[in-house]
Amino acid sequence: MIIISIVFFAKEKIQNINSKITTLEKERKDFFDNLVTNWSKIEQVLKDVFKENGITFSINEEEKSIIVNLKREASTYSTGELNYIVFLINILEFEYSNRTNIIIDDPLSSYDIKKQYEIVFDIFSRLVQNGKKVIVFTHNINLINLHSFRNGIIQFQQLISDVF
């Protein structure tokens with residue numbers, strides 16, 4: 001009886017995992033299909049942003065991958081620089097998708113103040129102007145301070161926790 005219960009539990013667990021894998025594979029396919037469909041627009045923004053850095057981008061439809069050609073060795077880039085490349089590709093894919101809402105968890109943590117301003121003013125305002133809703137969770141006081149300079153782009157909500 002115990003063996004049957006264990007087998008049933010394992011089978012159910014495997015079915016749940018397989019279902020999650022199927023969902024993730026569909027999300028990955030949808031993401032990549034959207035990149036391919038909108039690649040000319042996305043690539044132009046990437047070219048404009050990274051032209052001074054000599055970073056170029058291409059897309060490999062067969063392997064379903066984005067190729068990032070760095071000007072120098074990857075190890076010489078900061079974590080923030082590399083994170084920004086990935087972050088921007090994801091944001092651009094969202095911008096050109098039919099989705100309207102995005103939740104971003106602490107997007108400014110690995111960036112210097114200049115890049116933080118760029119993200120808040122250039123990227124977030126661009127999304128909002130295109131009818132997208134951006135919800136940001138952050139502990140970064142700079143993001144809150146930035147709000148006071150550009151009221152209307154960011155609607156500020158402070159969540160207060162009474163945790164002692």
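Residues are classed here as buried under 20% relative accessible area, exposed over 50% and partly exposed in between (1.4 Å probe, protein chains only). The structure is a predicted model, in which local features need pLDDT of at least 70 and side-chain atom pairs count only at pLDDT 80 or more, whereas totals for chains, interfaces and linings use all residues. Residues are numbered from 1 along each chain as its sequence is written, and side-chain values use heavy atoms, with hydrogens and water left out.

The protein chain contains five helices and four strands, arranged from the N terminus in the order α-α-β-β-α-β-α-β-α. These elements are DSSP runs numbered from the N terminus, with helices (H or I) of at least four residues and strands (E) of at least two. Of the 164 residues of the chain, 27% are buried. With contact defined as heavy atoms within 4.5 Å, residues 24 or more positions apart supply 62% of the contacts in the chain that have a separation of 6 or more.

Helix H3 (residues 79-95) packs with helix H4 (residues 113-129) at an angle of about 10°, and the two axes lie 11 Å apart. Axes are lines fitted to C-alpha atoms, for helices over the stretch in contact, and angles run from 0 to 180 degrees between N-to-C directions. Angles under 35 degrees count as roughly parallel, over 145 as roughly antiparallel, 65 to 115 as roughly perpendicular and the rest as oblique; H3 and H4 are therefore roughly parallel to each other. On the H3 side, the residues in contact include Tyr84, Phe87, Leu88 and Ile91, and on the H4 side they include Lys115, Glu118, Ile119 and Ile123.

Six salt bridges were counted, each requiring a side-chain nitrogen of Lys or Arg within 4 Å of a carboxyl oxygen of Asp or Glu. One of them joins Glu118 and Lys115, with an N to O distance of 3.3 Å. These two residues are three apart in helix H4, and so are separated by about one helical turn. Glu118 is buried, with a relative accessible area of 17%, whereas Lys115 is partly exposed at 21%. In another salt bridge, the closest N and O atoms of Arg99 and Glu93 are 2.7 Å apart. Glu93 is buried, at 2% relative accessible area, while Arg99 is partly exposed at 39%. A further salt bridge links the side chains of Arg72 and Glu81 (3.4 Å, N to O); Arg72 is partly exposed at 41%, and Glu81 is also partly exposed, at 34%.

A nonpolar surface patch is formed by Ile103, Ile135 and Phe137, which together have about 290 Å² of accessible area. Patches are made of residues with over 30% relative accessible area and no salt bridge, like charges being joined within 9 Å and nonpolar side chains (Val, Leu, Ile, Met, Phe, Trp, Tyr) within 5 Å. Phe137 belongs to strand E4 (residues 133-137) and is partly exposed, with a relative accessibility of 41%.

Backbone geometry was also examined. Most residues other than glycine have a negative phi. Lys64, by contrast, has a positive phi near 55°. Lys64 lies in the loop between strand E1 (56-60) and strand E2 (65-69), where it is partly exposed with a relative accessible area of 36%.

Conventions:
Accessible areas come from the Shrake-Rupley method with a 1.4 Å probe; for residues, only the protein chains shown count as cover.
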